[in-house]
Amino acid sequence: MQVLKFGGSSVANAENIGKTISIILETVKKDRTIVVASALGGITDILLKSGALAAAGDEAYQEQLQIIEQRHLETVKELIPLTSQSSVLSMVKRSCNEIEDICKGVFMLGEMSERTKDRIMSYGELLSTQIISGRLKTLGVDNIWKDSRTLIVTDSQFGFATVDFLTTNKKITDFFSTTSGNLFILPGFIASDSKGLTTTLGRGGSDYTAAILGAALDANLVEIWTDVSGMMTADPRIVPNAKSIPRISYQEAMELSHFGAKVIYPPTIQPVMNKRIPVWVRNTFAPQDAGTVIETSVDRNGNNIRGISSINKIALISLEGSGMVGIPGFSKRLFEALSNEKINVILITQGSSEHSICVVVDESNIAKAKEVVDLAFDYEIKTGKVEPLVIEKSLSIIAVVGDNMKSHPGVSGKMFGALGRNGVNVRAIAQGSSERNISAVIGSADVKKAINILHEEFFETTYKQLNVFIAGLGNVGSRLLAQLMQQEKYLEEHLRLQVNVIGFANSRKMVFNDEGIDLGNWKAELEKGEQMNLEKFIDTIRSKNLRNSLFADVTANDEVAKCYGQLLEKSISVVACNKVACSSPYEYYKKLKRLSTEFNCQFLFETNVGAGLPVIGTLNDLLRSGDKVNKIEAVLSGTLNFVFNNYNGENGFANVVKQAQDEGYTEPDPRLDLSGTDVMRKIMILAREAGEKMEMSDITNHSFMPASCMQGSVADFYTAMAKEEAHFKKIYEAAAKENKKLKFVASYENGKAFVGLQHVGAQSDFYHLYGKDNVVLFYTDRYPNQPLVVKGAGAGAEVTASGVFADIIRASRM
């Protein structure tokens, strides 16, 4: 004997029923077969809606009944030839009249009991299976339709009845042993109590019907036909890269189905598990797919966990109080109060201090739960021994499941480490002694993110996905996009990293695409974007709540820099090319550093000092390895170095500065470079990273720029510089007279810093510094006389973009 169950999607309409019948025709050739079917897709919900409208005194229930009747009549007419339709159409009309009579009674009474609700719902399966039986007969396939209510006996707990297996098994074996036939069609979901009243086995109970029949008859196999190709490592609607599970144990399947995996109804497993009957979950719409076999024991799949699942719309209720400590019976009274009101407890956790106990219940039960628990502990609450019940809503449970977790250290650490790094706050944790399931209660808003995080952590052997948002698409930003596109394959092949640019913006437009923006066509995508609004841009990044999120600021905008805290608080890493944040007041700089630590994300700003040069990284490596920085000397402005390397007293100082700007070496406002402000920022950032509490006002600036050049607009600045040519020529000639070069040097020593123009001779490390190069000299305890030198190009869009790129990769690997 084999049992096949077809769900609502498999019998949703005439076309799908045709596919189902094709499967039946192939299968029945192999063995004696029982087919269990659900109602046509969506019909059970319409039946419930009809009853609810009738109970509310709303005559619109009649419209719903018309929909039900039309759906079934049309299905019959599409499936069964005209000459054979009469008996089946009569059955549909008769059943629909009965539903109407029941709903009319509900309408007149103004109420619908659970018993009546079960009776109304039962018609969905009764109708669908008789239509399937009729279709098979027109194809010349003999079959016996049997009402499941005559075989499966339950108690009278309407809505979710408990099966009387002793009576049920005898009825099933008696019927099938005395009835000849090769194919039987039975409605799922429905049963009856000892008085013959219709009961139901709970939504999804058709799976259970199949399992009950299979177990009673010691079937060789139970097949569950649905609209997916077996059980998956996660819900594919949430995790696009979810994988099929070819084989899974009964216990693992029960855990996953209990925690929200909708492929199979949770009670289904128990009857077949006791008889060791394999269950095969298959796809009606892709019958060639392997599906998932649920069986007694399964070989290891090279992974410690088998799947990830979740339950939404739950609430955490907490009973707390010093009066609970060491006093037996509190737990009993709590669970007794909930049980008496038929409130199901999904998860339990209690600290060893016994000061509190937390349980998770369905969100629909929280008002009733609070009422009964507060009543049960009324005395303790009034005397202050126990606090009134605390309720937290908008929560969900995520669970990782796998037999292989048992006695395998590190699974919990991996799970909670991954969640923590992505800012997912865990409210409660539970793990049974079987070590088959680790469950965590989290905010519902984090469910999609959390499941993707865990799936990537446990199942993704190909790549890690980094979701990047970029502000600033000018010289540096556009080159960053080009570099990301160029290195796409390299990152996937060598670092197993997929960088998806999910959103970007310039001062005019902003664009978001959860699938990733096409970097080969980014300019066209930008033009189609919506108007840039910084507040909305940041809010959207936060609300998307994607795993492994990173924000790259490639602007020089003060307002963008003020947003870093909002991002870090959501565990979104920040890579800043923009120097504003790190050169802001010390307290803001420290706040950002603290937030990145507190929320397990990265705040990286290597390009703040030396474009693509590893200056800050080198400094941090020195400090982390226990060295102490005593002095820093540096040429930190690629712009100024370019200017003084190219100015010869004859070619016009203003012309050389303009050339530097045209070649992309200067800040958007060149006065930040020429005034020394940019260098002040850089030496301050280095001093702060070395542990110094320093502000811009603490730095001495020996500026060489005349005051007249620093007034008005950028255009005025160039005009003024041309007028001051004699001043610049004099500075140049003074150095040339000594056979020295002009270098704008920054120094930090003994807690003090200064910047200014210096004459450097051939013996200086700064003398042979050409083009736009920067150099930084670190004098430390380990490098007291011969400093550690970092030298190279310190300006230019390409190298700066590469520095941002390097920080992005660095953030992804931490």
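Author: Start with Ser571. In this predicted model, Ser571 sits in the loop between α20 (564-568) and β22 (573-576). Its backbone is worth a look. Ser571 is not a glycine, yet its phi is positive, about 60 degrees. Is Ser571 buried or exposed? The relative accessibility of Ser571 is 5%, so this residue counts as buried. The cut-off for buried is under 20%.

Now compare another loop residue. Asn739 lies in the loop between α29 (725-737) and β26 (741-749). Asn739 also has a positive phi of about 60 degrees, and Asn739 is not a glycine either. What about its cover? Asn739 has a relative accessible area of 64%, so it is exposed. Exposed means over 50%.

Helix α20 spans 564-568, and Tyr564 belongs to the largest nonpolar core. That core has 81 residues. Tyr564 is among those with the most contacts inside it, along with Phe551, Phe653, Ile683, Leu686, Phe704 and Met721. Which helix gives the largest share of this core? Helix α27 (residues 677-689) does, with seven residues.

Take Leu686 from that list. Set aside its neighbours within four places in sequence. Leu686 is then in contact with Val609, Val615, Ile616, Leu619, Ile632, Leu636 and Val776. There is also a second, separate core. This one has 49 residues, including Val11, Val28, Leu127 and Trp225. In soluble globular proteins, nonpolar side chains tend to be buried together.

Leu126 is in helix α5 (residues 114-138). With 6% relative accessibility, Leu126 counts as buried. What does Leu126 touch, leaving aside its neighbours within four places in sequence? Its contacts are Trp145, Asp147, Arg149, Pro187 and Ile190. Leu126 and Asp193 are 67 residues apart in sequence, and their C-alpha atoms are 17 Å apart in space.

Asn467 is in strand β17 (residues 464-471). Its relative accessibility is 2%, so Asn467 counts as buried. Beyond its neighbours within four places in sequence, Asn467 is in contact with Asn500, Ile502 and the run Leu546, Arg547, Asn548, Ser549 and Leu550.

Now step back to the whole chain. The protein has 30 helices and 29 strands. Why is it described as more spread out than a compact globule? Its radius of gyration is 36 Å, while the globule rule gives 28 Å for 814 residues, so the protein is well over that value. The box around its C-alpha atoms is roughly 120 × 70 × 55 Å along the principal axes.

Cover and contacts complete the picture. Of the 814 residues, 53% count as buried. Among contacts with a separation of 6 or more, 72% join residues 24 or more positions apart.

Last, charge. There are 88 positive and 94 negative side chains. The centres of these two sets lie 2 Å apart.

Methods
Residues numbered from 1 in each chain as written. Predicted model: local features only at pLDDT ≥ 70, side-chain atom pairs only at ≥ 80, totals over all residues. Heavy atoms only, no water. Core = buried A, V, L, I, M, F, W, Y, C linked by side-chain atoms within 4.5 Å. Buried < 20%, exposed > 50% of the residue type's maximum accessible area, 1.4 Å probe, protein only. Helix = DSSP H or I, 4+ residues; strand = E, 2+ residues; numbered from the N terminus. Contact = heavy atoms within 4.5 Å. Rg over C-alpha atoms; globule rule 2.2 N^0.38 Å. Lys, Arg positive; Asp, Glu negative; His and termini not counted. Charge placed at Lys NZ, Arg CZ, Asp CG, Glu CD.
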